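Please read this briefing beside the sequence and the coordinates.

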Amino acid sequence: VISKLSTTLLSFYGIATFVGAGCHILFTDTDRLNGLGFRSLWRLTGGAVAVGGAVIGALATEMAKLSNSEISSSFFLVPVIPHFVWLLWSLFFVTAICLGLFSMKVPACDLFLVAATYPFP
């Protein structure tokens with residue numbers, strides 16, 4: 001499960017990087033940055049970064065399960081957050097990004113804003 005989640009995380013990072021790079025190549029003037037094409041692709045980029053945070057949380061859940069199964073005594077158990085929490089996490093942030101609610105109105109800052117949520121998972 002951990003290897004599949006790791007592959008998923010790298011896939012979302014790849015999508016964000018590829019689409020973000022395409023935006024930088026295709027949309028060079030500021031007038032086009034306000035267009036539907038750029039905004040749609042940038043939401044895809046931001047959404048992929050946002051889902052990355054949920055995948056990191058899912059990885060933490062799996063590692064916590066693994067850690068708890070290897071402990072012979074109940075001295076210290078790592079809290080396990082259910083996977084549905086990470087699904088809700090990604091749905092919340094992707095919806096907020098698509099609605100324009102989670103934006104600094106400057107494209108590069110949007111990705112930093114989304115990535116700033118990574119420490120929570």
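A nonpolar surface patch of about 440 Å² is formed by I15, I25, L26, L41 and L44, and the elements that contribute two or more residues to this patch are α1 (2-26) and α3 (36-70). The model is a predicted one, in which local features need pLDDT of at least 70 and side-chain atom pairs count only at pLDDT 80 or more, while totals for chains, interfaces and linings use all residues. Residues are numbered from 1 along each chain as its sequence is written, and side-chain values use heavy atoms, with hydrogens and water left out.

**Nonpolar patch**

- Patches are built from residues with over 30% relative accessible area and no salt bridge, where like charges are joined within 9 Å and nonpolar side chains (Val, Leu, Ile, Met, Phe, Trp, Tyr) within 5 Å; the accessible areas come from the Shrake-Rupley method with a 1.4 Å probe, and for residues only the protein chains shown count as cover.
- The largest share of the nonpolar patch, three residues, comes from α1, helices being DSSP runs (H or I, at least four residues), numbered, like strands (E, at least two), from the N terminus.
- L44, one of the patch residues, has its place in helix α3 and is partly exposed, with a relative accessible area of 42%; the terms used are buried for under 20% relative accessible area, exposed for over 50% and partly exposed in between (1.4 Å probe, protein chains only).

**Helix α1**

- The 25 residues of α1 should span 36 Å at 1.5 Å a residue, and the end C-alpha atoms of α1 are 36 Å apart, which agrees; the expected span is taken as 1.5 Å times one less than the number of residues.
- In α1 the buried residues are L5, L9, A16, V19, G20 and C23, and for L5 the relative accessible area is 16%.
- L5 and E62 are 57 residues apart along the chain, and their C-alpha atoms are separated by 9.3 Å.

- Because K65 and E62 are three residues apart in helix α3, they are separated by about one helical turn; K65 is partly exposed at 39% relative accessibility, whereas E62 is buried, with a relative accessible area of 14%.
- M63 is also found in helix α3 and is partly exposed, with a relative accessible area of 47%; M63 and G53 are ten residues apart in sequence and 15 Å apart in space, C-alpha to C-alpha.
- S69 lies in helix α3 and counts as exposed at 56% relative accessibility, and S69 and L44, 25 residues apart in sequence, are 37 Å apart in space, C-alpha to C-alpha.

**Largest pocket**

- The largest pocket holds about 160 Å³ of space, a volume being the space filled by probe spheres set on grid points that are joined across faces, edges and corners.
- The residues that line the largest pocket include R39, W42, R43, G46, F102, D110, L111 and V114, and the elements that give two or more residues to this lining are α3 and α5 (107-115).
- The largest share of the lining, four residues, comes from α3.
- On a 1 Å grid over the protein atoms alone, a pocket is an open set of points with protein on both sides within 12 Å along at least five of seven lines, whereas a cavity is a set of points where a 1.4 Å probe fits but cannot get out; lining residues have an atom within 4 Å of a point.

Terms used
Salt bridge = Lys/Arg side-chain N within 4 Å of Asp/Glu carboxyl O.
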